[in-house]
Amino acid sequence: MMKKITHLLTGLFFLAAIGVNAQAQDCNIKYNLFKGNVTTKKYTEAKTQLDGLLTSCPTLSVNIYKYGTKVAESSKDHALVKKLYEMRLANFPNKGTAKAHSDYATYLAKNNLGSEDEIFSILEKAYKISPKDMGVKNIYKYFQGVTDKYKDSDPQKVFNTYDDVMESVGEKLDDYSKKIGKARKDSANLDKRGLRNLRAYKINSKSLGQVEGGLDNIISEIATCPRLIPLLSRDFDANKNDATWLRRSVSRLYNKGCQSDPLFEKMARAYAEAAPSADSYKFLAGVLSNNGDEAGAIQMRQKSFDLETDPFKKAKIKLSFAQQAASAGQKSNARALALEALTFNPNYGKAYLLIANLYAKSANSCGSDEFEKRMVYAAALKMARKAQSVDPGSNAGRYVSSYRASLPSKKLIFQKGVASGSSYRVGCWIGETVRVP
């Protein structure tokens with residue numbers, strides 16, 4: 001009797017397994033047909049197939065929801081878009097969720113389907129999961145929302161959010177810079193897909209650079225020295241051993257030009273003690289330099305540089321030294337350090353922009369007449385264009401426009417008696433050969 005029951009159960013399990021396999025096979029067939037129709041933009045047929053997949057095979061693949069959203073958006077079926085968003089989160093809660101939230105927020109905003117509070121709430125979910133997976137515009141939109149909501153009641157939350165977002169944007173920019181650099185090296189062998197990818201990297205990098213500039217503009221309104229110093233002084237004792245808080249706070253004081261306040265030195269030393277690192281020694285070098293200990297500063301800069309192994313981060317350290325030299329009026333030294341930064345990351349647009357800015361600031365002191373002074377902007381323009389060429393994310397376009405507008409006029413060129421397009425050497429400490437506009 002027991003043997004018969006065992007055989008019966010075995011048979012039932014076998015039949016169940018066959019049924020499961022048959023259903024899985026059926027789901028795969030349906031999905032492949034659906035995918036084919038979406039790929040060829042046969043959205044009407046695809047929409048019918050999508051209904052069946054959502055009913056019978058909702059956990060087969062997250063791509064059902066990705067392709068399904070294309071189908072729903074093409075027909076402006078708002079209810080279906082919402083259903084796909086909710087079902088995707090339910091069935092695939094750990095696969096690209098931040099991007100799913102971000103994309104849905106974009107759809108709601110584009111079609112005026114949600115209030116600002118509703119859209120902000122969805123963006124907040126995306127941000128909490130992974131800021132770097134949010135859409136470029138949504139990063140900016142989310143930070144603007146945080147600023148509007150908390151700038152008076154909780155400015156520290158705004159600063160913390162800014163730091164998180166800027167770190168994510170920085171990671172993305174570095175990633176695109178590496179991809180662009182690699183693609184350029186292989187440019188002779190790029191196929192159509194490779195060329196499309198390179199174009200996409202440049203576009204995305206440029207957009208991120210604009211977002212970075214936009215975030216800086218927003219934060220600059222509330223992150224002033226008179227506002228930062230009391231706030232950070234208040235919180236120092238509670239965070240004096242928190243390396244992350246110290247790093248962000250010292251960076252903010254540095255970037256806002258608050259180094260002359262005693263709090264900067266206090267924080268820089270606390271940061272170096274809490275987290276001896278390339279980054280903390282970089283700030284300590286600035287403190288030593290401000291205190292007149294240039295030998296100690298040089299030693300600390302070298303220590304900072306030697307500790308770092310990542311070439312992109314080495315480039316950033318070198319550029320920070322260049323910025324310190326520039327702020328101290330050491331133009332030639334600042335340029336030399338910026339050029340060193342470029343040896344570690346040849347696509348580092350910000351290094352070229354620093355040199356361009358050094359040139360532009362020398363316009364009034366380099367040259368004996370207006371023509372010669374204005375030709376200094378041609379040297380600045382040359383550097384800004386290099387930045388724009390190698391690093392779309394450097395936001396160099398506005399500098400290019402500014403320097404171009406400052407070039408000598410046709411009348412001035414004629415009065416000087418030089419030919420447009422001829423070679424011209426900018427003298428002074430600059431020593432750049434440029435073309436007369």
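When the bonded cysteines of the protein chain are numbered in sequence order, what is the pairing? It runs 1-2, 3-4, 5-6.

## Before we start

This is a predicted model, so local features need pLDDT of at least 70 and side-chain atom pairs count only at pLDDT 80 or more, while totals for chains, interfaces and linings use all residues. Residues are numbered from 1 along each chain as its sequence is written, and side-chain values use heavy atoms, with hydrogens and water left out.

## The disulfides

A disulfide is a covalent bond between the sulfur atoms of two cysteines. Here, a pair of cysteine sulfur atoms within 2.5 Å counts as one, and that rule gives three disulfides. Helices (H or I, at least four residues) and strands (E, at least two) are DSSP runs, numbered from the N terminus. A residue is buried under 20% relative accessible area, exposed over 50%, and partly exposed in between (1.4 Å probe, protein chains only).

Start with Cys-27 and Cys-57, whose sulfurs sit 2.0 Å apart. The link is left-handed, with -85° about the S-S bond. Cys-27 lies in helix 1 and Cys-57 in the loop between helix 2 (43–56) and helix 3, so this pair ties together parts that are 30 residues apart in sequence. Cys-27 and Cys-57 are both buried.

Next comes the bond from Cys-225 to Cys-258, also listed at 2.0 Å from S to S. Its torsion is about -95°, so this disulfide is left-handed. Cys-225 belongs to helix 10 (residues 225–239), while Cys-258 is in the loop between helix 11 and helix 12 (262–274), so parts 33 residues apart in sequence get tied together. Cys-258 is buried because its relative accessible area is 2%.

Then there is Cys-366 with Cys-428, at an S to S distance of 2.2 Å. This link is left-handed, with -65° about the S-S bond. It connects distant parts of the chain, 62 residues apart: Cys-366 is in the loop between helix 17 (349–360) and helix 18, and Cys-428 is in the loop between strand 1 (423–426) and strand 2 (432–435). Are the two ends buried or exposed? Cys-366 counts as buried because its relative accessibility is 3%, whereas Cys-428 counts as exposed because its value is 52%.

## Salt bridges

How many salt bridges does the structure hold? There are 21, where a salt bridge means a side-chain nitrogen of Lys or Arg within 4 Å of a carboxyl oxygen of Asp or Glu. One of them joins Lys-30 to Asp-26, with the closest N and O atoms 3.4 Å apart. Both residues lie in helix 1 (residues 2–39), four residues apart, which is about one turn of the helix. Lys-30 is partly exposed because its relative accessible area is 30%, and Asp-26 is partly exposed at 37%.

Other bridges reach across the chain. Asp-163 and Arg-252 meet at 2.7 Å, N to O. Asp-163 is in helix 8 (residues 155–185) and Arg-252 in helix 11 (residues 243–255), so to speak distant parts of the chain, 89 residues apart. Both Asp-163 and Arg-252 are buried.Lys-416 and Glu-372 form another bridge, at 3.6 Å from N to O. Lys-416 is partly exposed at 33% relative accessibility, and Glu-372 is partly exposed at 22%. Salt bridges can also form a network, as they do among Asp-164, Glu-167, Arg-247 and Arg-248.

## The second largest pocket

Rolling a probe the size of a water molecule over the atoms shows where empty space is left. On a 1 Å grid over the protein atoms alone, using a 1.4 Å probe, a pocket is an open set of points with protein on both sides within 12 Å along at least five of seven lines, and lining residues have an atom within 4 Å of a point. The second largest pocket has a volume of about 340 Å³, a volume being the space filled by probe spheres set on the points, which are joined across faces, edges and corners.

Its lining has 14 residues, with Lys-66, Thr-69, Arg-88, Ala-100 and Asp-103 nearest the centre. The elements giving two or more residues to this lining are helix 3 (63–74), helix 4 (78–91) and helix 5 (97–110). Which helix gives the most? Helix 5 does, with five residues. By type, the lining divides into seven nonpolar, two polar and five charged residues. In this scheme Ala, Val, Leu, Ile, Met, Phe, Trp, Tyr, Cys and Pro count as nonpolar, Asp, Glu, Lys and Arg as charged, and the others, Gly among them, as polar.
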